[in-house]
Structure formats: structure tokens, C-alpha cells
Amino acid sequence: MTNIEEIEELEEDTQKDKFLLFSIDTNYYGIDIKTVIEIIGIQPITEVPELPDYIRGVINLRGTIIPVMDVRLRFEKEYREYCDRTCIIVIETNNVMVGLIVDSVAEVAVIPNENIMEPPCITSEGYRYIKGIGKCGDSVRLIIDCDRLLNEEESRSISDFNV
Amino acid sequence: MSDKQNEPMLDMFLFETQELLNELEQDLLLGEKSDSLDLAKINEIFRIMHTIKGSASMMFYTHIASVAHSLEDLFYCLREENPKIVDYSRLTDLVLEVSDFIKLELEKIEQGLEPDADPEQIKNEMNQMLQKIKQDNMEMEEVNSMEQYKVVIFFDEACQMENMRAFTLIRELEDITNDMVYTPNELFDNEEALQIMRKEGFQITFLTNIGYSSIQQIFAENPFIRNFEFVEDLCEELVISSNHDDITSCSDESNCIKIEELKVEENKADKSKIEECNIEEHKAQAPNQKMISVNVNKLDVLMDLVGEIVMLEEMVMKSPDLEGLKLPNFNKTATQLQKLTGELREIVMSIRMLPLSFTFQKMHRIVRDMSKKLDKNVEIVLEGEETEVDKNIIEKISDPIMHLVRNAMDHGIETMEMRQRIGKPITGTIKLSAQNVGSDVLITIQDDGKGLNKEKILQKAKKNGLIVKPEGELTDKEIYNFIFQPGFSTKENISEFSGRGVGMDVVAKNIENIGGSVSVDSEEGKGMIVYLKLPLTLAIIEGMNLKVGASVFTIPTSIVKESFRPKSNDALMKEENHEMIMVRGEVYPILRLHHILNIKTEITDLHEGIMIMVEQNDQKICIFCDALLGQQQVVVKALPSYLRRMNQMKYLAGCTLLGDGTISLILDLANVKKK
Amino acid sequence: MKKVLIVDDAEFMRLSLRTFLGKHGYEIIGEAADGKMALDLYEKERPDIVTMDLTMPVMDGIESIKEIMKIDKDAKILVVSAMGQETKVRDAILAGAKNFIVKPFTEESVLKVLSTF
């Protein structure tokens, strides 16, 4: 076996079951650490017209222009002014890079697979992008399905924005 | 050595060999135009084959090495023995065959297949060629002792009838040489020739076995020669027909060329020294020597780093710690730093831009190959090859252009016989040109062939149910452009070249995929022209930045006619929801950007903001924004794919990074106006 | 001393050529007023150099050159042409004349040309 494969395996290993936890309001959410590229503070955001309001615009990440999504708005919670605790989590799935604006980043936690359960069948907006509920001691962490977070069509049709 | 470790070397081998072969073809085809091959080119081809031989055997591709070796041998003979009779056309064919052979093998290697072609046949052919050259030139032994001279002569203007003087001189020289060319070569009834002789002198190039001093004497003694000099230039290959009295007869049939290096100096040692340094010079001049290949990923990283530097610099300059401090030295240095980083940024941006020349040059080969096979005589004319386009775009337009050229060769240009019959020049012409038009790059492929058949297209369009409006309302251009519809090929029989199941619709799709557009125009019997309009995406444009609310937008400066602040006495009109303004007696519609883009701004009174008059597609319109921020060169980046996928960006053509790292959105005004 | 045959139908031209060539060490062995006469004289005298006018009665210069070349393929003939006679000069050169001068000529140029003969 070559070194590269070993390293890859090792990385795979160290990232296993790890989730980056962030908070919105009182809820803690988890993102699979493998999709996270980096965490940065809030940046000047360039607004882009013709987009749904949860896409706040684009930022310049060292020359790469990436869109940023306000997760609060995506979850249909009310808008809150950004402050120095506000973070942007840059994630990449399926070659798409997006920044997620969250209230604050908490920690990296290990949640073993057996501690993650199927989400309850609730149609509430907050659960549309949840793929599992992880138990972490006494509290729960909502595991985010990044693919759905990025790609799920909104309930409102996009044409509404083009009026 | 495991395979994995070997990979970078293999990549390098594949890459380098391919590059070398491309270089080779280019050299060769340019040479074929002048129907000769000069020493520099022979050396170049020899060098390329030598390199390929070396690296192929390193990689244990012995059959590639052996083929390269055979060709190297052939060129060794050309270089060392300097043969006078070479069937040039055959030689070119052979070199191209070798190039193709190796290319095919490389392709197999690239795809992980076993490179298994049999090199024997092609090696045999080269051997035969080598033997033939050697044989042909044995009889020419005495010629070998001949030396070549080029002389420029100025006749005494008082001697009158300079053309006759030249003619007499030529007659005189015929005593000492059989091989001679001279310019101007039309000496009689040619007022122009006289002018040329007076201005540039009368040039004679000839081959002779009498010594330099005797030759010099001939010119020195001629009473009508005011001045003469021996010219030495190795770059100019000398094409002289020996054994043929008629110099012009040296054409298709004989296909003879003479490959001669110029020897003027008598001193042998001196001579070889001069040759050597001349060859060195040639190498230095060859464009390929100035190029290095860089992994594109590295360029991307470089670009990002520079972006970051620029941003950080901005932060340092505007650091709150500096506020209120008087720092003359700091400011001075800072300004210099700013200037340098600005330049750095520009250079890095321009690195990704490549001229179209390489893509264009490739067409020579296609035209050449097809001309031979289709029995058509076609010349390809290239224009604007130096136009620079982003590397990504070049990669994507190469195939469409190739396809269109093939199509023109195959279906456009008539056979020689046909052309003769209908009174067209026997040689057809395909013109490939590129230019910057505003913020686009426009590439046109034009041929003087038979053009499109409107009736046939119309019928087919009807059959395919493409016609949605009354036939009478269709313009010619609309009809012609049906050929870009899927499954549209009026030619039933598919040929080796442009058949292959790829139609014009694929060309159109490929171009549209990178945000470009295709259109065609034609005149039956006279030819057709295809326009490829490539988008601004990734191209560098001169942009004008404007502000609306908190946002910055960029529009291509090329479309801006003027900008002005509307005065209170300017005639403004409002009709329903359409605002208009009268400028110098003309009425133009007003487009409020804040309105259309739904941006909050305090400046909504037309007298407080700025009007920018833009022109696109022959339409003028006044755009209203808060303020103008200035002008700069910007690299157009595509919007993130996530956004493009999410919504059709109607107003945005892309985005760009401004000098301070902020993002500006590039407006697509063609679409803004449609709304 | 080189022997020269002067061929010209104009007495004036013959006179001037004779005078200055004689002055510069050429021996004038004969003069002819037409091409036919020139041919006869050439055969008889075998001069080293012939100066030949082109437009002459009886037999013109070009014909004469052709005939002389038949007798002696090494004959050295200098054409003395008037201005604007390009075609004729060309024909003369093709017929075998070695060089030409244009009237009015300078003595110097004539001497220079002849020195190469």
C-alpha cells in the first residue's frame, strides 16, 4: 500500500463520527466534519439580486467567490443582525462550495453512529434539512443533510422573486 | 519503481512529446507553404526527433523510439549532406505520418492501453526515402562543391534602363551559374520593377563553383553598378532549380527543392562559427523557447494568493491604528507597494490568457490533409490569431472551430474542377479570424464555397416542424440558422471528415455551453460565414464600475457611450411606467438599476444620480445609477455554480474582484433591456 | 591595342566615337553605316570589339549581331542604343551583344564598359 492511501485511510479514521456543532437560537446542529472546509468570521457580503432571501450574496474567499446562505433564514427563522459571534462555515459537497452563516460555532463532537436516530416525521421547516438526531449526553444535536440544505427547492416558487 | 511513482514521469513524457509533435507540425506546415525547408527547420525537426527518441526509450517505448530514430536519421542526412534534390511533399507526408503514428501511440498510453502499433512499415518508408535522397544526390556531386551567393545590387541611376542593365548582368552571370533567382524578376514592361531596383536594389541569388573573389570581380568591374553587397542570411531558404532551365517549372511534378546554407565567407573556420551562432540565434528566436508550461492549478493558487495580498494590503493601509498619525515615509513606501501589487495582479490575471494562434494554426494541418484527400485546393487565411482568450475557453472552442473548418472544406468549397467551370478561382479560401468586439471575442469562419441552399433548409425545417411563424416572415438569416437545430444536416451522405455523427447542432450547443452564441449567414454560390461569439466569461474586460445602493456593478466600458448628470431642465418624460429622457433631440428610454435589481438606495431622484448611455445591439438606452466609481480591467469570473443552478441569472453575466478584494457583479445589459 | 569596328548610320556618331576611342588607345579598323556592311567588315577584319547602332538601313543592328555571332560566337559587341529602345536592346542582348550604352553617353562610361571586354 502506498503512503497516500494510508494517509487517506488515517484521515478517514480521524474524521469518523465527528461533527461540527453550531447553534441557532437554542438549537445545536451538527455538520459532518468531512464536508467542512474552514470556519471564518463574518465577511463583507456582496448582495446578488434575483436570489431567494436566504442566499445573502457572495463573499470573496481568497479569490474564490462563494455564495453564502443564512441558515436562520433557510430554516425560516427571523433575521438577526450579524455580530462578532456570527460565523461562516465553508462547506463543500458534490463540488459545490457554500458558506453557511450561523449564530455561532460551538465545538467538534464525536457522535457515534449508534447514537444517531432517524428524525421524527415532522413537517416543520426546521426539520426539512435534518437527516438524523444525535444524542450527546443529555442533549440532542440535529444532524444536517447538506445536500438537501443546498438543493431542496423551497416551498415558495422561485418565480416569486422575479416580480 | 512502482507504477504510481512513475506516473508524474509518464505525464511529463506524454505532455512533452505531444507538445513537441505540435511544434513539429507547425514548423513543417509553415515550411510547406514556402515549399522548402531551411537549415533552421531541419535542425529543429532533428532536435525534436532526437528528444522524442531519447525520452521514449527512457520510458521503454522502444517502437516509438525506433520510429523517431529513423526520422532522425533522415534529417541527419538532410543536415549533414545537404542534398539538393528532395521530394519535399513526400518528406512532409512522411514526417506527418510519423507524427500521427506517435500521437496515436501516446493516446493509447494515455488511456492505459498497450501501445502496440507495428513500426516496421513506416520505418521502411523512411528508409526508402533516405536511400532515394542519397541516390538522387550522388549524381549531383559536382553541384555539392558549389556555393551559394546572394547579392544586392544598386545600379548607377545615370546609366539608364536599369532593367536592361539587370538583364545584361543576368546574361553575364549565366556563364558561371545554372541556378539563379532574382528579384524583381519581371524586368520588362514593369515600371514597378524599376522603382524596386532603385529603392531596394536588384537581388540575385545564385549557385556557382567559381570562387568568391572572381564573383566579386564581376560585380566590381561592371561599370553601371554603383554599389553592391553580398548578403548573408541563413533564414531565407534558397530555392533554386538546377537541371531545369525554367525556374518556374519547379512545381508539383518535380517537387524539387534545394536545401542550401549560405556560405559567403571564404575562411572555413569563420564560416562554421557564423553558422553556429546563427543557429543559436534561431533557437533563441523560436517562440516555443520562450514558453514554459505551468500546471493550471498552480495559476489558480497564485491568483488566489494575489487576491489575498491585495486585500491584506488594503487592511494594513486602512488600519485603525494608523489613524491620525503622520507617517510620510510609511505612506511613500505604501504607495509604491500598492503600485506593485496592482501590477502583480494584472500580470497574474493575464497569465491565464492565451492567444488563439495555437488553435488556429492547427487548422493548417486539417486543411492540408483534407485538400489532398478531397482533391480540393484550399488555402486557409488566419487573422487576429494574437487575440487572447482564457485558457478554459480555448479548450472548449477548439473542437467547434475544427468542425466548422472541416465542414467548410467538405461541404462548402467545391472541387477544383467545379470551381473552374463556374469561374471561381481554383483555390478556395477559408478565412478564420478572431477579434475583440466590445466585451466579446468574435470568431468567424468564412469560406468562398457554394454556400447554403435556402430551399433545402426550408423544406427540411418544415419537415422537422421547426417553423413557427408564417414562411413569408422568415428572413434569410433565420432560415440559414435552422442548420444549428438538432438533427439538421442537409447532406445525406456522411463523409470521412465532417460526418462522424457530429452536426452543427453540437457545435452550437458547445458554444452555448460556454455562454457564447453561433450564427450563420450565406449567399448561395458565394460561400458562407459562421460567427462564433464568445462570452465575457473569463475574459479580461475593461469595466466601468458603478454604484447602486450598497452594491457595486460592472459594465463593459466598450458599450458606454457617455455618462452625464441629468439637469433639472433636461426633458424627462413618463408614459405609463416608462421613463424617457431627451438628449440632443433624441429620446432614450431610462432604466433605473435600483428598480430593476430591487436594491434599496437613497438616490432615486434622477437629478441626484448619474445617467450612463450604453449602446448594445444597435440600441441606445440610459441607465440610471447612484454614482460612477471608475474604470478598471477586470477578470470576469463565472458566478458560483450553486447560484447559476438555483436561478437563471437574467441580469448578471458574472462577477469580478475589484482591486480591494470586494466583489462586483457584472451586468448583462442585453437582458436587462429585454425586461 | 584593341581593334574596334564602329557601326552607325550617322556620320556624326561615327566621328565622335572614332575620335575619343582613338584618343584612348583603341585602333579603329573600320566603320560601317549599315548592318550588312558591318558583317562584311567583321568577316574581313575580325575586330576585337564592335560598337553597334541598332536602327540602321539595309540590315538593322539586331540582324547584324545575329549574323556576326554566327561567324564568331565569341564576338564582343557593344550596343549603342538611343533612349527608349528597351525591346530592341533586349533583343540585341538575347542575340548575343555583350553590353549596351545609351546615347547620349559619357566617354567615361563607354571606356568603363569596354575595359571589361
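User: What is the mean pLDDT of chain C?

Analyst: First, a heads-up: this is a predicted model, where local features need pLDDT of at least 70, side-chain atom pairs count only at pLDDT 80 or more, and totals for chains, interfaces and linings use all residues. Residues are numbered from 1 along each chain as its sequence is written, while chains are lettered from A and ligands numbered from 1 in the order in which they are written. pLDDT is the predictor's confidence in each residue, from 0 to 100. In chain C, 100% of the residues reach 70 or more, and the mean is 86.

User: In which element of chain C is confidence lowest?

Analyst: Elements here are DSSP runs numbered from the N terminus: helices (H or I, at least four residues) and strands (E, at least two). Strand β1(C), residues 3-7, has the highest confidence in the chain, at 92. The lowest mean, 82, belongs to residues 107-115, which form helix α5(C).

User: And chain B: which element has the lowest mean pLDDT there?

Analyst: Chain B has a mean pLDDT of 76, with 81% of its residues at 70 or more. At the top end sits strand β8(B), residues 378-383, with a mean of 90.

User: How many contacts beyond near neighbours in sequence does the stretch 233-289 of chain B have?

Analyst: Two residues are in contact if their C-beta atoms, placed from the backbone, lie within 7 Å. Residues 492-501 of chain B have pLDDT below 50 and eleven such contacts beyond near neighbours in sequence. Residues 233-289 of chain B also have pLDDT below 50, and their number of contacts in the model is 77.

User: Now for chains A and B together. Which element gives the largest share of chain A's side of their contact?

Analyst: Chain A puts 20 residues into the contact and chain B puts in 24. On the chain A side, the elements giving two or more residues are β4 (55-61), β5 (64-70) and β7 (96-102) of chain A. The largest share is four residues, from β5(A).

User: How many nonpolar residues does that side of chain A have?

Analyst: For the classes, Ala, Val, Leu, Ile, Met, Phe, Trp, Tyr, Cys and Pro count as nonpolar, Asp, Glu, Lys and Arg as charged, and the others, Gly among them, as polar. The side of chain A that touches chain B has five polar and three charged residues. Its nonpolar residues number twelve.

User: How are α2(B) and α3(B) oriented to each other, roughly parallel or roughly antiparallel?

Analyst: Axes are lines fitted to C-alpha atoms, for helices over the stretch in contact, and angles run from 0 to 180 degrees between N-to-C directions. Helix α2(B), residues 39-58, packs against helix α3(B), residues 62-81, at about 155°, with the axes 8 Å apart. Angles under 35 degrees count as roughly parallel, over 145 as roughly antiparallel, 65 to 115 as roughly perpendicular and the rest as oblique. That is why α2(B) and α3(B) are roughly antiparallel.

User: What is the bridge partner of B:Y182 in β4(B)?

Analyst: β3(B) and β4(B), residues 202-208, run antiparallel and are joined by five bridges. In β4(B), B:Y182 has as its bridge partner B:I204.

User: Which residue does a cis peptide bond join to B:T183?

Analyst: The omega of this bond is about -10°. The residue sits in the loop between β3 and α8 (191-199) of chain B. It is B:P184.

User: Which strands are the edge strands of the sheet of six strands in chain B?

Analyst: This open sheet has the order β16-β20-β21-β19-β18-β17, and its pairing is mixed. β16(B) pairs with β20(B), residues 610-616, in the antiparallel sense over four bridges.

Key
Two strands pair if DSSP finds at least two bridges between them.
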